[in-house]
Amino acid sequence: MGIFDRFRKQNAVTVSSYKMVTDTGSGFYSWNGSLYQSDIVRAAIRPKARAVGKAVAKHVRRTVTKDGVKVETKPDVYMRFLLEEPNPIMTGQQLQEKLAVQLELNNNAFAYIERDGNGYPTAIYPIVSTSVEALQNPNGELFLKFWTQRGKSYTFRYTDIIHLRKDFSNNDLFGESPAVALTSLMEIVNTTDQGMVNAIRNSALIRWLLKFNQTMRPEDLTRQAKEFSTNFTSTESTTGGVAATDAKFDAQQVDSKDYVPNSSQMDRTTQRIYSFFNTNDKIVQSRWTEDEWIAYYEGCIESDIIQLSGEYTRKLFNRRERGYGNKIVFESSNLAFASMSTKLALQAMVDRGAMTPN
C-alpha cells in the first residue's frame with residue numbers, strides 16, 4: 001500500500017526470520033502452504049474470526065482521585081474514531097477479523113500503526129506478507145522487514161507494529177508455524193479429495209462393450225452404440241432395463257471398480273484438523289448449546305481478546321500515557337450467547353436483589 005513507502009529505510013542486521021502461510025495458489029487445493037484454500041480449514045477458522053470481530057474495542061482511562069477511582073470511557077475523540085475506523089477501507093470489526101484469520105493461519109498476525117508528526121496514532125493497517133524478518137540496528141532498536149506477494153519489502157519499527165502470536169515457544173519473537181504440524185493432515189485431505197474427484201470422473205467410463213460380428217464403418221459403430229444406450233441404458237428407456245440383441249453383435253457389461261475414499265477415514269482426518277484449531281462440528285455448524293459455546297469462548301477466544309487488549313494498549317499509548325491509566329479493552333460478554341432461560345433467571349435474581357444490574 002502507498003503508506004508503506006513513507007517509511008524510510010534503516011541500517012539493520014537480521015536477527016531471525018519467519019515464513020508466512022499465505023493463499024498464493026489457485027484452482028484445486030493442494031498442500032503448498034495455502035491453508036486458506038481448504039474448505040475444512042476455512043470452516044474451522046471462521047467461527048473464531050467472527051467472534052473476535054464482535055468484540056468491541058473501547059478506550060478506558062482509570063485515574064485515582066481524592067474521591068476514589070475515576071473511570072472514563074472513550075475520553076479522547078481521536079482514539080474512538082481510530083478504534084471504530086482504523087483505516088479508510090475497513091472498520092474495527094473487519095480489522096479484528098482479518099487479524100484473527102492471519103493469527104490462525106500463521107500463529108502470527110501483524111498490523112502497522114501510522115502516526116502523525118506528534119507520534120499520535122492515526123491509522124492501523126493489517127499486514128499480509130509472504131515472510132518477515134526481525135532486524136536490529138546498531139543502537140539495538142528492533143525492526144520487522146516484510147516481503148509482500150509482489151516481491152516488495154517494507155521495514156517498520158517494532159514499536160509501530162501490533163503483533164499477535166500463538167504457540168510462542170522456541171523462537172524469541174515469532175509464534176511457531178502451524179505448517180509442520182498440519183502437513184501430513186493436509187496431504188491426506190488433498191489425496192482424499194483427489195480420489196473423490198477421480199471417482200466421479202470415472203463414473204462416466206464405458207459400462208458396456210458391443211462386439212460386432214462383422215466389419216462396420218466408424219459412423220455405423222457410433223450410431224449403433226447410441227441406439228443401444230438410448231434403448232437400454234437411458235433412464236427414459238421403455239424396456240424396463242432388459243436388453244435384447246440379435247446375431248449382429250454381442251453385448252458385454254464392463255465391471256468398472258472405482259476407488260471411493262473411506263468416509264470414516266476422512267471424518268477422522270477432519271476431526272484432527274478441527275482439534276488442531278480447537279473447534280468441533282457443533283461450533284463449525286452453529287449447533288452449539290449455551291454451555292458448549294461458553295467453553296469454546298473461554299478455551300479458544302478469550303485469550304486472543306486479552307492479547308489484543310494488551311497489544312493495542314502498549315502500542316497505541318506510550319509509557320507515560322499508560323501511567324495515567326489509559327488502556328484499550330475489548331468487551332465480549334459471554335452473556336451475549338446465553339439462552340433465553342438463563343437471561344430470564346438472571347433478571348429474576350436482579351429483581352430479588354441477589355445481583356446488581358451491572
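**Asp160**

I looked up Asp160 in this predicted model and found that Asp160 counts as buried, because its relative accessibility is 12% (buried is under 20% relative accessible area, exposed over 50%, partly exposed in between, with a 1.4 Å probe and protein chains only). I placed Asp160 in the loop between β8 (153-157) and β9 (161-165); strands are DSSP runs of E of at least two residues, and helices are runs of H or I of at least four, numbered from the N terminus. Setting aside neighbours within four places in sequence, I noted contacts of Asp160 with Ala111, Tyr112, Ile113 and Arg115 (heavy atoms within 4.5 Å).

I recorded that residues are numbered from 1 along each chain as its sequence is written. Local features need pLDDT of at least 70, side-chain atom pairs count only at pLDDT 80 or more, totals for chains, interfaces and linings use all residues, and side-chain values use heavy atoms, with hydrogens and water left out.

**Helix α3**

I checked the length of α3 (residues 92-106): its 15 residues should span 21 Å at 1.5 Å a residue, and the end C-alpha atoms are 21 Å apart, which agrees (the expected span is 1.5 Å times one less than the number of residues). I found 12 of the 15 residues buried, so α3 is largely enclosed by the rest of the structure. Among the buried residues are Leu95, Leu99, Val101 and Leu103. Just after α3, I noted a positive phi of about 60 degrees at Asn107.

**Val64**

I located Val64 in strand β2 (residues 56-65). Val64 counts as exposed, because its relative accessibility is 73%.
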